[in-house]
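Let's take a walk through the aromatic rings of this one. Have the model open and follow along.

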Amino acid sequence: TFCQYEYARTRPDERWLTLYRGTHDPEEYAVRREGTDGLVELNNLSSFTSDREIAWEFGSSVWEVKVPLAKIVFYSGLLPRSLLEGEKEHLVLGGEYRVKKLRF
């Protein structure tokens with residue numbers, strides 16, 4: 001609830017945030033392809049970063065995802081001295097997401 005309150009306060013005109021997810025095993029996900037894009041079913045809680053370059057540290061494959069702000073439950077900087085600050089991490093509720101595979 002606090003995360004949603006902060007987004008409403010600091011980003012009143014935004015509904016989506018572009019985030020990135022690196023993975024070493026994209027074939028482990030149920031991906032329905034649509035050209036270079038796909039539809040992926042993610043776990044109950046997944047980790048993303050807001051920094052495209054940091055995402056490459058977490059896998060040889062990186063997805064770009066537009067995440068609805070309502071599905072973000074925590075992000076670095078939300079609380080003072082957060083443990084997740086260095087990776088610009090966002091914790092996102094699972095579900096189906098449209099992903100765009102990025103090239104290195």
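Two rings of Phe, Tyr or Trp (for Trp, the six-membered ring) pair up if their centres lie within 6.5 Å; planes under 30 degrees apart make the pair stacked, over 60 edge-to-face, and the rest tilted. This is a predicted model, and a search through the whole structure turns up 3 aromatic pairs.

One of them is F2 with Y5, a stacked pair with 6.3 Å from centre to centre and 25 degrees between the planes. Both residues belong to helix 1, which covers residues 2–10, and they sit 3 residues apart, about one turn of the helix. So how much of each is open to the outside? F2 has 42% relative accessibility, so it counts as partly exposed. Y5 comes in at 48% relative accessibility and is therefore partly exposed too, since that label covers the range between 20% and 50%.

Next, look at Y7 and Y75. Their ring centres are 4.6 Å apart and the planes make an angle of 25 degrees, so this pair is stacked. Y7 lies in helix 1 while Y75 lies in strand 5 (residues 72–75), so the pair ties together parts that are 68 residues apart in sequence.

R21 lies over the face of F48, at 5.9 Å from the ring centre.

Methods
Residues numbered from 1 in each chain as written. Predicted model: local features only at pLDDT ≥ 70, side-chain atom pairs only at ≥ 80, totals over all residues. Heavy atoms only, no water. Helix = DSSP H or I, 4+ residues; strand = E, 2+ residues; numbered from the N terminus. Buried < 20%, exposed > 50% of the residue type's maximum accessible area, 1.4 Å probe, protein only. Lys NZ or Arg CZ within 6 Å of the ring centre and 35° of its normal.
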